[in-house]
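Hi there,

Here is the structure I promised to pass on. Have a look at it first, and then read my notes below.

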Amino acid sequence: MDKLSIEGGVRLEGEVCISGAKNSVLPILAATLLTDDACIIKGVPELRDANTMIKILRSLGKNAEFEKGVVTVTAGKSNNFVADYKLVSTMRASFCVLGPLLGKLKKAKVSLPGGCVIGIRPVDLHLKGIRALGADINIESGYVTAKATRLKGAHIYLGGVYGSSVLATDNVMMAAILADGKTVIECAACEPEVVDLAEFLIKMGAKIKGHGTPVIEIEGVRHLHGASHTIIPDRIETATFMIASLITQGNITIKNACVGHLGAVIDKLEEAGASISITDNSLKVRFKKQLNAVNITTLPYPGFPTDAQAQIMALMSVTRGISVITEKIYPDRFMHVAELNRMGAHIQREGPHAIVDGVNGLSGAPVMASDLRASACLVLAGLAAKGKTSISRIYHLERGYENLEDKLQRLGARIWREKE
Ligand code: EPZ
């Protein structure tokens, strides 16, 4: 297995171009199950998770080819409605094939996704929504089996104890499109990736209104046709590079960014003292003076994204003052705290809060990645730390960041891959 090594202390400067959004690609690839026509998805980043979803589509009977950022999906010889454990267990997001399989075939058998280090990650809201549309649901030997003679539109409240659910909204929206009549999803997720999925579905002939707001209305149609679509830029990768500029006291211009998706992140980093200048699709993030500690609470969109929590914690760990970081989406999403403390950070966990007492500097150390965003946090900490940091289990990183070390090298970072 490989590890990433970083010799910290270099100010990052120059330009970086953001790749397509992982969390948009996955449900949009799943949505191609709703039609037998050809679909062309552009701007797809070369990511482990994208390749996993392509494997799942093939296991469900689709032809799927991925070349130079473009995925072409066409009908195969047969339709299989069983998404098996060995693939689904490697990527929780594959559970979002449930809705389209049920919508198109009126039956689906999908392995229950395991939990992961960031939380137990239940699927009760997905099942509540699918049941409301008239499906019979059975859970046996680790699989969800859903079937329906017909799906009927319904009014569904999809809010859970932690608020809205991104993939539950996606699953229910995709199942409702081919149902009879109107479906209203209340407390729908408003994330840009849900909007991107809805835009793709509308291109396929779906009738959807209100996407991007907490109330989505779907008018059932009989049939969906193929479509082509370009994936939105990845707002979490953008936030990661914004923080990379600040934590190395650098000056980075981020191209192909969707500034409108980053309100909470821009607001928080400006509050900390960052200099951020904006054009229509790029951000110039410069470290102009010592930053000050800020408090962060993660919330469903448009609140501060939980997927950028670990990254901003790395920045706060080297920012003078006390920063209280409250994780409202996944209260256990703090695996990165112990690793940061091994690099000299002073962070104390109190339930869903992490109290970060900023230090003057971190020291490089061998650390271990535990999940995708914790890996990004450790890369950021390594870029700022004095000395060498080696990050093991970087397959977590490859799930969600396209060519990260290459992009960082072009900005001046001393980062390279080594054999474990
Ligand atoms: C999506 O996961 C993202 N993944 C996650 O990004 C992201 O952290 C999350 O949304 C929140 O923004 C993809 O889009 C592929 P949720 P999802 O359902 O949809 C609880 C990354 O790093 N919940 O919005 O699975 C859940 O436990 C990944 O890119 C229920 O209680 O997340 C959590 O506390 C990590 N019951 C909250 O809702 C349910 O049925 C929000 O989760 C479903 C979720």
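**Salt bridges, domains and helices**

Across the protein, the count comes to 23 salt bridges. Please keep in mind that this is a predicted model.

The side chains of Lys104 and Asp36 form a salt bridge, at 3.2 Å from N to O. Lys104 belongs to helix α4 (residues 98-105) and Asp36 to the loop between α1 and β3 (39-42), so this pair ties together parts that are 68 residues apart in sequence.

Now for the domains. The protein divides into domain 1 (2-18 + 233-419) and domain 2 (22-221). Their C-alpha centres are 30 Å apart, and the contact takes 23 residues from domain 1 and 19 residues from domain 2. Between them, domain 1 and domain 2 bury about 1,800 Å², with carbon and sulfur atoms giving 53% of that area.

Three salt bridges are counted between domain 1 and domain 2. Arg399 also has a salt bridge to Asp49, where the closest N and O atoms are 2.8 Å apart.

The axes of helix α1 (residues 22-31) and helix α2 (residues 48-59) come within 10 Å of each other and cross at roughly 5°. An angle under 35 degrees counts as roughly parallel, and α1 and α2 are therefore roughly parallel to each other. On the α1 side, the contact is made by Lys22, Val25, Leu26, Leu29 and Ala30; on the α2 side, by Asp49, Ala50, Met53, Ile54 and Leu57. Sorted by class, this contact of α1 with α2 has eight nonpolar, no polar and two charged residues.

The axes of α4 and helix α6 (residues 166-176) come within 7 Å and cross at roughly 10°. Helices α4 and α6 are therefore roughly parallel to each other as well. Here Leu98, Gly99, Pro100 and Gly103 in α4 meet Asn171, Met174 and Ala175 in α6. By class, the contact of α4 with α6 has four nonpolar, three polar and no charged residues.

Finally, two backbone details. Most residues other than glycine have a negative phi, and most peptide bonds are trans. Against that background, a cis peptide bond joins Tyr301 and Pro302, with omega about 10°. Where is Cys187 placed? Cys187 is in the loop between β11 (182-186) and α7 (192-203), and it has a positive phi of about 60° although it is not a glycine.

Happy browsing, and do write back with any thoughts.

Best wishes

Conventions
Residues numbered from 1 in each chain as written. Predicted model: local features only at pLDDT ≥ 70, side-chain atom pairs only at ≥ 80, totals over all residues. Heavy atoms only, no water. Axes fitted to C-alpha atoms, helices over the stretch in contact; angles between N-to-C directions. Helix = DSSP H or I, 4+ residues; strand = E, 2+ residues; numbered from the N terminus. Parallel < 35°, antiparallel > 145°, perpendicular 65-115°, else oblique. Contact = heavy atoms within 4.5 Å. Nonpolar A, V, L, I, M, F, W, Y, C, P; charged D, E, K, R; others polar. Domains from an automatic or database assignment. Buried area = accessible area lost by both parts, 1.4 Å probe. Salt bridge = Lys/Arg side-chain N within 4 Å of Asp/Glu carboxyl O.
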